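Subject: Structure handover

Dear colleague,

Please find the structure below, followed by notes on what was found in it.

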Amino acid sequence: MISKKLFSSKLLSWHRSENYRILPWKKETDPYKIWLSEILLQQTRAAQVIPYYLNFIGNYPTIFHLAKANDEEVFRLWQGLGYYNRCKNMLLTARLICTHYNGQFPSNHEEILALKGVGKYTAAAIASFAFGLHFAVVDGNVTRVLARYFGITESISSALGKKNFADLAQSLLPKNSADYNQAIMDFGAEICTPVAPKCTYCPFQADCVAHQTGTINLLPVKEKNKVRKTRYFHFVILKNEEGNLWLQERTSKDIWPHLFVPYLLETNKTLTPSELSKSINPSKRKTLNLQFIGSEKQLLTHQQIISHFFRLNFKNQLTLPPEGVWVKKENLRNYPFPKTIISFFEKSLYF
Ligand code: SF4
């Protein structure tokens with residue numbers, strides 16, 4: 001892999017000599033026009049934005065024209081772009097800049113970021129393109145290029161992933177931030193595309209980790225923060241008169257196959273001892289003398305298991321599945337258990 005400095009200079013050199021992407025707002029330095037293009041580009045492809053941009057600039061050549069415009073007229077021009085909140089915020093911001101900043105677009109990053117409808121990406125784009133400030137843009141094009149070139153497998157959807165990509169993008173930024181920002185976005189849109197990237201024409205082919213390891217289609221990782229299903233397991237530690245404990249091997253295709261567990265009832269919520277008693281012994285009138293003895297939580301990839309443990313001196317109050325076994329306490333360690341059961345046994349001195 002080449003150094004960060006070399007990455008930036010190679011990208012700039014591609015931008016100078018091979019970047020043929022033409023967009024009407026490129027090379028623009030008027031902050032109003034840059035801001036307008038960036039608002040229009042949010043959640044919308046550049047090709048779709050071009051006629052809207054030209055129409056807006058034609059109708060409202062300055063921010064004063066836009067601020068004075070009739071709401072309905074502006075919404076009509078916006079028609080077809082969707083996300084109408086963007087249009088509403090754009091009008092509010094235009095009017096705020098005219099009243100509060102005397103029509104002069106704020107020129108520091110903090111103030112730009114504070115404008116309605118302007119998020120981190122848009123603020124960095126305006127700050128660098130209009131004012132040459134040292135802020136790296138991070139959008140889908142940028143994260144894709146970085147994830148593939150550097151072989152980053154961290155999710156771009158997680159909070160930590162977002163921060164790490166932003167830090168990396170910032171660390172790659174050379175002095176000429178505007179050119180570099182434009183270059184990496186165009187590179188992502190034209191060469192390192194989501195599907196079928198043009199690796200043959202890519203100046204980074206020899207060093208690109210994704211290309212070298214055949215992981216182009218796997219990067220960037222977009223896995224969302226995992227939503228885990230919660231399952232509630234109620235384990236009843238049955239002890240017979242000899243002091244042996246009842247265990248059962250799990251044989252289904254569910255979690256923990258071939259591991260042993262105490263008597264188990266799964267429900268969709270936590271049960272009290274009397275609710276549990278009714279659930280496992282519905283036909284008998286007498287409530288089981290279940291004693292709650294503790295809980296454990298275990299996180300698996302797609303589920304979290306909340307386990308509650310109860311004790312019961314077994315006197316044939318329950319009909320037990322035939323495949324269960326009675327095990328002497330001193331032999332418990334000879335059986336394989338899930339982590340949650342081991343943890344419970346250790347805490348309650350069964351081991
Ligand atoms: S070699 Fe292919 S995957 Fe790697 S940066 Fe270039 S275009 Fe993207």
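Helices α1 and α10 pack with their axes 9 Å apart, at an angle of about 70°. Axes here are lines fitted to C-alpha atoms, for helices over the stretch in contact, and angles run from 0 to 180 degrees between N-to-C directions. Helices (H or I, at least four residues) and strands (E, at least two) are DSSP runs, numbered from the N terminus. The angle makes α1 roughly perpendicular to α10; angles under 35 degrees count as roughly parallel, over 145 as roughly antiparallel, 65 to 115 as roughly perpendicular and the rest as oblique. On the α1 side K4, F7 and S8 meet L168, S171 and L172 of α10, where contact means heavy atoms within 4.5 Å. The residues of this contact of α1 with α10 divide into three nonpolar, two polar and one charged. For these classes, Ala, Val, Leu, Ile, Met, Phe, Trp, Tyr, Cys and Pro count as nonpolar, Asp, Glu, Lys and Arg as charged, and the others, Gly among them, as polar.

Before the rest, a note on conventions. This is a predicted model, in which local features need pLDDT of at least 70 and side-chain atom pairs count only at pLDDT 80 or more, while totals for chains, interfaces and linings use all residues. Residues are numbered from 1 along each chain as its sequence is written, and side-chain values use heavy atoms, with hydrogens and water left out.

Two other helix pairs

Helix α2 (residues 31-41) packs on helix α6 (residues 84-100) at an angle of about 160°, and their axes are 10 Å apart. The two helices are therefore roughly antiparallel to each other. The crossing of α2 and α6 is right-handed; a crossing is left-handed if the near helix is turned anticlockwise from the far one by less than a right angle, and right-handed if clockwise. From α2, W35, L36, I39, L40 and L41 meet R86, M90, T93 and A94 in α6. By class, the residues of the contact of α2 with α6 are seven nonpolar, one polar and one charged.

Helix α3 (residues 46-59) and helix α5 (residues 71-78) have axes that come within 10 Å and cross at roughly 155°. That makes α3 roughly antiparallel to α5. Y52, N55, F56 and N59 of α3 make the contact with V74, L77 and W78 of α5. The contact of α3 with α5 has five nonpolar, two polar and no charged residues.

Helix α11

Helix α11 (residues 177-190) has 14 residues and reaches 20 Å from its first C-alpha to its last, close to the 20 Å expected at 1.5 Å a residue. The expected span of a helix is 1.5 Å times one less than its number of residues. Because 11 of its 14 residues are buried, α11 is largely enclosed by the rest of the structure. Buried means under 20% relative accessible area, exposed over 50%, and partly exposed in between (1.4 Å probe, protein chains only). Among the buried residues of α11 are Y180, M185, D186 and F187. The buried residues of α11 pack against α1 (4-18), α8 (120-131), α9 (140-150) and α10 (159-172).

Not counting residues up to four places away in sequence, I184 touches F7, L11, V142, V145 and L146. A189, also found in α11, counts as partly exposed at 24% relative accessibility. Leaving aside neighbours within four places in sequence, A189 is in contact with R21, N141 and R144.

For distances along the model, I184 and F310 are 126 residues apart in sequence and 60 Å apart in space, C-alpha to C-alpha. The C-alpha atoms of A189 and Q298, 109 residues apart along the chain, are separated by 43 Å.

Backbone points to check

Most residues other than glycine have a negative phi, and most peptide bonds are trans. Q43, which is not a glycine, has a positive phi of about 60°. Q43 is found in the loop between α2 and α3 and counts as exposed, at 57% relative accessibility. H258 also has a positive phi, near 70°, and its place is in the loop between β2 (245-249) and β3 (260-261). A cis peptide bond joins L219 and P220, with omega about 0°. P220 lies in the loop between α12 (209-213) and β1 (229-239).

Regards
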